[in-house]
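This briefing covers one protein chain, shown below. The points after it are grouped by topic.

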Amino acid sequence: MNKSEMNVKKELIDAAAMERAITRIAHEILEKNKGTEDLVLIGIRTRGVPLANRLAAKIAEIEGLKPATGILDITLYRDDLSTVAQQPIVHRTEIPFDITGKKVVLVDDVLYTGRTVRAALDALIDLGRPLQIQLAIMIDRGHRELPIRADFVGKNLPTSRREVVDVNLAESDGQDKVLLLEKN
């Protein structure tokens with residue numbers, strides 16, 4: 001379903017609340033990993049990338065050291081590739097460092113069924129053998145189909161399957177906010 005065929009039910013998070021969530025998640029990442037040693041952040045294309053960059057900048061602000069960041073494209077790892085598009089657009093994965101032995105924090109905007117994260121895990125393992133993989137998510141909306149959970153969550157938001165969580169980021173959408181959409 002196209003987002004243009006949906007109504008905005010309500011705004012869940014505004015720019016200030018998103019900034020607070022990023023700050024909290026950055027602190028939680030530092031606490032769990034005891035600093036930035038061997039820590040890297042990898043954003044899942046598309047909206048996980050700016051979130052990973054914001055988290056890295058916030059960690060640098062707090063700790064004085066900015067963890068390396070990378071971009072992961074999971075297109076070819078999706079289990080629904082044939083239903084997404086006839087000719088899916090594949091972008092480059094840009095991880096300019098070895099992830100072997102690193103504490104990788106995988107970053108995305110919404111955790112729903114867990115299938116995107118499963119694809120991302122497969123893609124990461126093809127690149128090396130991290131010491132640990134953790135998951136940071138802005139919105140966890142439930143409805144898991146796979147046994148996957150986030151280590152760091154901006155907001156838990158139980159939703160119905162008729163609803164869609166739309167994360168808007170200044171980098172791609174012109175403003176920071178999270179909307180709850182519902183089918184017309």
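What radius of gyration would a compact globule with 184 residues have, and what does the protein have? The rule for a compact globule gives a value near 16 Å, and the protein has 16 Å, so the two agree. The model is predicted. Its secondary structure comes to 5 helices and 8 strands.

**Overall form**

- The C-alpha trace of the protein spans about 50 × 40 × 30 Å along its principal axes.
- Read from the N terminus, the order of elements is β-α-β-α-β-α-β-α-β-β-β-α-β.
- Of the contacts between residues at least 6 apart in sequence, 70% join residues at least 24 apart.

**Surface and charge**

- Of the 184 residues, 46% count as buried.
- The protein exposes about 9,600 Å², and carbon and sulfur atoms supply 47% of that area.
- There are 27 positive and 28 negative charges, and their mean positions lie 3 Å apart.

**Nonpolar cores**

- In soluble globular proteins, nonpolar side chains tend to be buried together.
- The largest nonpolar core has 29 residues, and within it Leu55 and Ile139 touch the most other members.
- At least two residues of this core come from each of the strands S1 (6–13), S2 (39–44), S4 (103–111), S5 (132–140), S7 (163–168) and S8 (177–183), and likewise from each of the helices H1 (15–33) and H2 (48–63).
- Helix H1 gives the largest share of this core, with 7 residues.
- A second, separate core holds 21 residues, including Val117, Leu124, Leu135 and Ile148.
- Setting aside neighbours within four places in sequence, Leu55 is in contact with Ile22, Ile25, Ala26, Ile29, Leu41, Val107 and Ala136.

**Proline 50**

- Proline 50 lies in helix H2.
- Is proline 50 buried or exposed? Its relative accessible area is 10%, and because the cut-off for buried is under 20%, proline 50 counts as buried.
- Not counting residues up to four places away in sequence, proline 50 touches Leu169 and Glu171.
- Proline 50 and valine 117 are 67 residues apart in sequence, and their C-alpha atoms are 17 Å apart in space.
- Valine 117 is itself one of the residues of the second core.

Terms used. Residues are numbered from 1 along each chain as its sequence is written. This is a predicted model: local features need pLDDT of at least 70, side-chain atom pairs count only at pLDDT 80 or more; totals for chains, interfaces and linings use all residues. Side-chain values use heavy atoms; hydrogens and water are left out. A nonpolar core is a set of buried Ala, Val, Leu, Ile, Met, Phe, Trp, Tyr and Cys residues joined through side-chain atoms within 4.5 Å. Buried means under 20% relative accessible area, exposed over 50%, partly exposed in between (1.4 Å probe, protein chains only). Helices (H or I, at least four residues) and strands (E, at least two) are DSSP runs, numbered from the N terminus. Contact means heavy atoms within 4.5 Å. The radius of gyration is taken over C-alpha atoms; the globule rule is 2.2 Å times the number of residues to the power 0.38. Accessible areas come from the Shrake-Rupley method with a 1.4 Å probe; for residues, only the protein chains shown count as cover. Lys and Arg count as positive and Asp and Glu as negative; His and the chain ends are not counted. The place of a charge is taken as NZ of Lys, CZ of Arg, CG of Asp or CD of Glu.
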